[in-house]
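These notebook entries record what I looked up in one protein structure, from the whole chain down to single residues.

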Amino acid sequence: MKRHIQGLHEADQSSSVQVPDGMFLVRVERAQHRWDARKPYYFLRFSILQPKELAGHSFAGRLYCTPRALWKLNWFLRDFSYDTELLGRDEIDEKSLAELRGVVKISHTVVNGTSLLNLDGFAPASRWDELSSALPVSASRSEVAR
């Protein structure tokens with residue numbers, strides 16, 4: 001039996017380029033609800049649109065759906081211009097999440113030897129020019145060059 005595994009041939013190349021901590025204008029490539037008895041979450045894969053040095057790279061993160069974490073999921077949905085009618089009915093359509101655009105701030109932490117990517121903040125895509133102008137240009141370029 002043959003199976004098609006999207007991105008398999010790029011695995012070696014993409015693992016050598018880790019997306020640095022920072023703020024990025026992104027597009028949601030894929031969203032998938034994952035059930036876990038203690039902490040259900042949405043697995044989100046983002047494609048970077050800006051800054052140009054990292055355009056085309058992608059990264060993935062989780063947004064948890066526990067009662068204590070719903071504020072962050074709501075923040076993401078609101079700032080990425082998710083359908084307000086669906087949000088008002090407490091509904092998430094995974095297909096509607098794909099192609100949404102916005103700004104995300106990420107950081108990396110190491111817990112018990114495992115590197116984790118944190119989704120620290122969100123903003124509407126319309127604020128990218130304002131937010132990116134406040135970023136230090138030299139710092140982002142030096143991190144990308146690593």
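**Entry 1. The chain as a whole**

I noted at the outset that the model is predicted. I then looked up the secondary structure, which comes to six helices and five strands. Along the sequence, these elements follow the pattern α-β-β-β-α-α-α-β-β-α-α.

I next asked what share of the 146 residues is buried. Buried residues make up 31% of the chain. The accessible surface comes to about 9800 Å², and 50% of this area belongs to carbon and sulfur atoms. I also looked up how far apart in sequence the contacting residues lie. Among contacts with a separation of 6 or more, 50% are between residues 24 or more positions apart.

**Entry 2. The order of the sheet**

In which order do the five strands stand in the sheet? I found an open sheet with the order β3-β2-β1-β4-β5, and its pairing is antiparallel. The strands β3 and β5 stand at the edges with a single partner strand each, so one side of each has no neighbour in the sheet. From one strand to the next, the twist averages 45°.

**Entry 3. Strand pairs, one by one**

- The antiparallel strands β2 and β3 are joined by seven bridges, and S47 stands opposite S58 in β3.
- Between β1 and β2, also antiparallel, I found nine bridges. H33 has Y42 in β2 as its bridge partner, and a hairpin connects the two strands through six residues.
- Six bridges join β1 to β4, which run antiparallel; here V26 has G102 as its bridge partner in β4.
- The antiparallel pair β4 and β5 has ten bridges, and I106 stands opposite L119 in β5. The hairpin of β4 and β5 has two residues between the strands, and N112 in this hairpin takes a positive phi near 50°.

I then asked how many of the ten residues of β2 are buried. Seven of them are, so β2 is largely enclosed by the rest of the structure.

**Entry 4. The helix on the sheet**

Which residues of α2 are buried? They are L73, F76, L77 and D79. To read this list, I recalled that an α-helix has 3.6 residues a turn, so residues three or four places apart point the same way. After the helix comes S81, whose phi is positive, near 60°.

**Entry 5. The nonpolar cores**

The largest nonpolar core has 25 residues. Which of them touch the most other members? I found V26, F46, F59, F76, F80, L97 and L119. The elements that give two or more residues to this core are β1, β2, β3, α2, β4 and β5. Apart from this core lies another, of six residues, including M23, L25, A123 and L131.

I followed V26 further. Not counting residues up to four places away in sequence, V26 touches F46, S47, I48, L49, F59, F80, L100, R101, G102 and V104. Two of the residues touched, F46 and F59, are also among the core members with the most contacts to other members.

**Entry 6. R27, a residue of β1**

R27 is found in strand β1. Is R27 buried or exposed? Its relative accessibility is 19%, and the cut-off for buried is under 20%, so R27 counts as buried. Leaving aside its neighbours within four places in sequence, R27 is in contact with R45, F46, S47, L49, E99, L100 and R101.

**Entry 7. S107, a residue of β4**

S107 is found in strand β4. With a relative accessible area of 16%, S107 is buried. Beyond its neighbours within four places in sequence, S107 is in contact with D21, L116, L117, N118 and D120.

Which side chain forms a polar contact with that of S107? The partner is D120, and the polar contact between the two side chains is 2.6 Å.

Technical notes:
Residues numbered from 1 in each chain as written. Predicted model: local features only at pLDDT ≥ 70, side-chain atom pairs only at ≥ 80, totals over all residues. Heavy atoms only, no water. Core = buried A, V, L, I, M, F, W, Y, C linked by side-chain atoms within 4.5 Å. Buried < 20%, exposed > 50% of the residue type's maximum accessible area, 1.4 Å probe, protein only. Helix = DSSP H or I, 4+ residues; strand = E, 2+ residues; numbered from the N terminus. Contact = heavy atoms within 4.5 Å. Polar contact = N/O pair within 3.5 Å; in protein donor to acceptor, adjacent residues only side chain to side chain. Areas by Shrake-Rupley, 256 points an atom, 1.4 Å probe, with all protein chains shown as cover. Pairing = 2+ DSSP bridges. Axes fitted to C-alpha atoms, helices over the stretch in contact; angles between N-to-C directions.
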